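Q: Please take a close look at one part of this model, the pairing of charged side chains. I would like a connected account that starts there and then follows the surroundings of that part.

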Amino acid sequence: MTARSAGQSWALDIALAQGGFDALHPEGKGTLEQLGHDHADFDKVFAMVRAGSMLPKAWAVVAGQAEERAAHHERLGYRRTASDLYLRAAVMYGRAQYSIFDSADGRKAKFRERCDFCVARLGELRGNTVRRVELDFEGGKIFALLHLPAHPVSGAPAVILGPGMDMIKEDYIFAAERYYTSRGVVALSIEGPGQGETRARGLTVTLDNYERALETYAGYLAGLPEVDENRIGMFGISMSGYWALRAAAAPGTRLRAVAAFEAVSGDFETIFERAQPSFKNNYLYMAGYTDEAAFDRDLKDRMPLGDLVGGIECPVLLGIGEFDELTPVENALETYEKIRAPKEMRVYEDEFHPLGGTAAEVFAFGAEWLSRGMAGEFDAPGRDERFFVHRDGRTTEGSADPRWWLGATPAGLAEVREGLLGGI
């Protein structure tokens with residue numbers, strides 16, 4: 001645990017007691033609903049929470065209620081109702097285990113066990129269209145869920161669904177069905193090094209092993225008869241947006257298109273030193289560090305993308321909230337400027353990191369954009385589409401800069417743009 005996290009835990013408790021989940025992620029409830037959380041379950045959980053230490057209990061208790069109801073409907077033969085309730089239970093057990101940053105804690109293992117049980121039940125009830133995947137990776141194991149369309153497919157496009165650093169593979173079950181498999185697209189929701197079950201089995205995240213894990217997952221998809229190996233893309237949010245950009249920049253990547261929302265692409269001072277202490281505390285656990293100074297030297301100081309994104313060749317979509325608390329919008333625009341591949345940028349007015357106010361649009365649009373991108377529609381050299389998405393429904397085309405800048409540009413972004421113009 002970082003010194004800042006230990007010393008400021010009282011502030012988090014007060015924020016949770018007074019503001020509920022919005023104190024952590026403004027409007028984040030909208031995003032969690034896209035990840036399979038029922039709003040009634042969500043409200044039950046946070047009605048029980050007045051301090052961070054209460055989160056594992058609250059998630060586990062309400063998860064148990066949903067699991068019990070699921071079993072009731074399964075006994076009576078209501079398969080779809082039961083599978084939907086098992087999904088609700090699974091994502092809540094997942095939240096419960098996430099709240100414990102100690103792989104040796106038996107409670108974490110028990111919550112994972114219940115989560116796995118619920119996923120197995122919903123998979124069977126849905127005709128085995130949700131399947132567990134376990135792959136060898138650099139001396140360890142990485143874990144994923146394969147999501148298949150209800151009707152058999154062959155040579156279909158496939159999308160890797162990348163979770164944020166505080167997410168797990170189960171978080172994408174709802175979105176995978178709603179936005180991908182229902183449209184004939186194969187989906188693979190993953191856990192990379194440092195995440196979920198992969199971390200619990202001992203595999204930590206390093207500076208560059210996550211993108212290698214992504215290529216391992218892409219190779220797995222390419223070998224499936226249901227998948228067209230030339231149409232594999234990735235949808236990533238938050239840290240998986242960052243990892244997706246790193247993977248897309250790697251020589252020989254299988255990724256054909258990348259949609260990255262909320263990608264952490266700044267200098268990592270904001271997320272690790274100025275944002276809520278829980279973010280850095282979580283990443284130390286993911287990376288297996290207890291020495292904060294060593295973590296800063298080995299990882300934090302080396303994580304910024306910089307010019308790495310200049311090596312990306314496939315089409316890229318970036319989307320970010322105007323007031324993302326983990327990556328200032330001007331930093332995201334700096335990253336975008338450095339991408340030379342066909343690209344598109346959308347800035348969402350008055351949105352924070354979760355993009356909760358526009359989550360349903362983002363998930364639907366990201367899926368449709370990827371389908372078109374994997375089909376080659378955005379391959380034209382020099383493609384550069386920029387949009388500022390207003391809160392009132394309007395969309396400004398041709399620029400993603402916030403309107404209130406009045407045509408001025410923050411110093412760092414101005415320097416990047418001037419440097420690029422000078423290089424023409």
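**Charged pairs and their surroundings**

A: Arg 394 is partly exposed, having a relative accessible area of 49%; in this account, buried means under 20% relative accessible area, exposed means over 50%, and partly exposed is in between, with a 1.4 Å probe and protein chains only. The side chain of Arg 394 pairs with Asp 392 in a salt bridge whose closest N and O atoms are 2.9 Å apart. A salt bridge here is a side-chain nitrogen of Lys or Arg within 4 Å of a carboxyl oxygen of Asp or Glu. Asp 392 counts as exposed because its relative accessibility is 53%. Elsewhere, salt bridges with shared partners join Arg 112, Asp 116, Arg 132, Lys 169, Glu 170, Glu 191, Glu 197 and Arg 201 into one network. Over the whole structure, the search finds 45 salt bridges.

The model is predicted, so local features need pLDDT of at least 70 and side-chain atom pairs count only at pLDDT 80 or more, whereas totals for chains, interfaces and linings use all residues. Residues are numbered from 1 along each chain as its sequence is written, and side-chain values use heavy atoms, with hydrogens and water left out.

Two further pairs extend the picture. In one, Arg 80 and Asp 84 meet through their side chains at 3.2 Å, N to O. These residues are separated by about one helical turn, because they are 4 residues apart in helix α6; helices (H or I, at least four residues) and strands (E, at least two) are DSSP runs numbered from the N terminus. Arg 80 counts as partly exposed at 44% relative accessibility, and Asp 84 is partly exposed too, at 32%. In the other pair, the closest N and O atoms of Arg 386 and Glu 337 are 2.8 Å apart, forming a salt bridge. This pair links distant parts of the chain, with Arg 386 in strand β9 (residues 384-389) and Glu 337 in helix α15 (residues 329-338), 49 residues apart. Both Arg 386 and Glu 337 are buried.

Glu 226 presents another case: this residue is buried yet has no salt bridge, and the nearest side chain of opposite charge, Arg 131, is 4.8 Å away. Lys and Arg count as positive and Asp and Glu as negative, while His and the chain ends are not counted. In general, side chains of opposite charge can pair when their charged atoms come close. Glu 226 belongs to the loop between α10 and β5. Leaving aside residues up to four places away in sequence, Glu 226 touches Leu 148, Val 153, Ser 154, Gly 155, Ala 156 and Val 186, a contact meaning heavy atoms within 4.5 Å.

Among the buried residues of α10 are Tyr 210, Glu 211, Leu 214, Tyr 217 and Leu 221. Their cover includes β1 (130-137), β2 (140-147), β3 (156-162), β4 (186-191), β5 (227-237) and α11 (239-249).

Ser 238 lies in the loop between β5 and α11. Most residues other than glycine have a negative phi. Ser 238, although not a glycine, has a positive phi of about 60°, and this residue is buried at a relative accessible area of 11%. Leu 406, in the loop between β10 (395-397) and α17 (411-422), likewise is not a glycine and has a positive phi of about 55°. Leu 406 is exposed, with a relative accessible area of 78%.

Tyr 172 sits in the loop between β3 and α8 (173-179). At 1% relative accessibility, Tyr 172 counts as buried. Its contacts, not counting residues up to four places away in sequence, include Leu 35, His 147, Ser 189, Phe 235, Ile 237 and Phe 363.

Finally, the search finds 2 cavities of 30 Å³ or more. A cavity is a set of points, on a 1 Å grid over the protein atoms alone, where a 1.4 Å probe fits but cannot get out, and lining residues have an atom within 4 Å of a point. The largest cavity holds about 100 Å³, a volume being the space filled by probe spheres set on the points, which are joined across faces, edges and corners. Of its 15 lining residues, Tyr 98, Gly 194, Gly 196, Asn 282 and Tyr 285 are the closest to its centre. Helices α6 (79-98), α9 (196-200) and α13 (277-287) each supply at least two residues of this lining, and α13 gives the most, with 3 residues.

Terms used. 1 Å grid on protein atoms, 1.4 Å probe; cavity = no way out; pocket = protein on both sides within 12 Å on 5 of 7 lines; lining within 4 Å.
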